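Work through these exercises with the structure open beside you. Try each task before reading its solution.

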Amino acid sequence: MSAWSFYISTLVVYFGVDLLSGVALNLQYGYAGVVNLAFIVFQAFGAYIAAATTLGPDTGAGAFQKYIFGAHLPFPLPLVLATLGGAALAGV
């Protein structure tokens, strides 16, 4: 994959996530009149769990970053864990 195609695909993914978030918030506040600021917290918590379970440990020379889980899980598992983490936070 070239650098440009990776860049464009990353922008498309970010645009899709922001579009879904905007539509969801528009449905909640625009039509129902419910101010739901916790929606952003659940989304950020799920994104953090997905990133922390995907990145793996930092093994570079002079590395100073530490990840909480240090896991390098295959594709569907971080999304499942992020969904379960957001649901658990919402349950609290």
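The exercises below go from the whole chain to single residues. Keep in mind that this is a predicted model.

**Exercise 1. The overall fold**

Find how many helices and strands the protein has, and give their pattern along the sequence.

Solution. 
- Step 1: count the elements. There are 3 helices and 0 strands.
- Step 2: read along the sequence. The pattern is α-α-α.
- Step 3: look at burial. Of the 92 residues, 13% count as buried.
- Step 4: The accessible surface is about 7100 Å², and carbon and sulfur atoms hold 75% of it.
- Step 5: look at contacts. Take those between residues at least 6 apart in sequence; 34% of them join residues at least 24 apart.

**Exercise 2. Annotated spans against the model**

State which residues UniProt lists as "transmembrane region", then check the helix content of residues 6-27 and 34-55.

Solution. 
- Step 1: take the record. The unreviewed UniProt entry lists residues 6-27, 34-55 and 67-90.
- Step 2: check residues 6-27. This span is 100% helix and 0% strand, with its end C-alpha atoms 32 Å apart.
- Step 3: check residues 34-55. Here the chain is 77% helix and 0% strand, and the end C-alpha atoms lie 36 Å apart.

**Exercise 3. Helix length**

Solution. 
- Step 1: look just past α1. There, G33 takes a positive phi of about 80 degrees.

**Exercise 4. An aromatic pair**

Classify the ring pair formed by W4 and Y7.

Solution. 
- Step 1: count the pairs. There is 1 aromatic pair.
- Step 2: The ring centres of W4 and Y7 are 6.0 Å apart, and the planes meet at 85 degrees. Planes over 60 degrees apart count as edge-to-face, so W4 and Y7 form an edge-to-face pair.
- Step 3: W4 and Y7 are 3 residues apart in helix α1 (residues 3-31), so about one helical turn separates them.
- Step 4: recall the general rule. An α-helix has 3.6 residues a turn, so residues three or four places apart point the same way.
- Step 5: check exposure. W4 is exposed, at 64% relative accessible area. Y7 is partly exposed, at 44%.

**Exercise 5. Two buried polar residues**

Decide whether S21 and T53 are buried or exposed, and find what their side chains reach.

Solution. 
- Step 1: apply the cut-off. Buried means under 20% relative accessible area.
- Step 2: take S21, in helix α1. Its relative accessible area is 11%, so S21 is buried.
- Step 3: find its partners. Leaving out residues up to four places away in sequence, S21 touches F39 and Q43. The side chains of S21 and Q43 make a polar contact at 3.0 Å.
- Step 4: take T53, in helix α2 (residues 38-54). At 4%, T53 is buried too.
- Step 5: find what T53 reaches. Its side chain comes to 3.3 Å from the backbone oxygen of A50.
- Step 6: widen the view. The buried residues of α2 include G46, I49 and A52. Their cover includes α3 (76-91).

Note on methods. Residues numbered from 1 in each chain as written. Predicted model: local features only at pLDDT ≥ 70, side-chain atom pairs only at ≥ 80, totals over all residues. Heavy atoms only, no water. UniProt positions renumbered as here; feature names shortened; annotations may be inferred. Helix = DSSP H or I, 4+ residues; strand = E, 2+ residues; numbered from the N terminus. Buried < 20%, exposed > 50% of the residue type's maximum accessible area, 1.4 Å probe, protein only. Polar contact = N/O pair within 3.5 Å; in protein donor to acceptor, adjacent residues only side chain to side chain. Contact = heavy atoms within 4.5 Å. Areas by Shrake-Rupley, 256 points an atom, 1.4 Å probe, with all protein chains shown as cover. Phe/Tyr/Trp six-rings, centres within 6.5 Å; stacked < 30°, edge-to-face > 60°.
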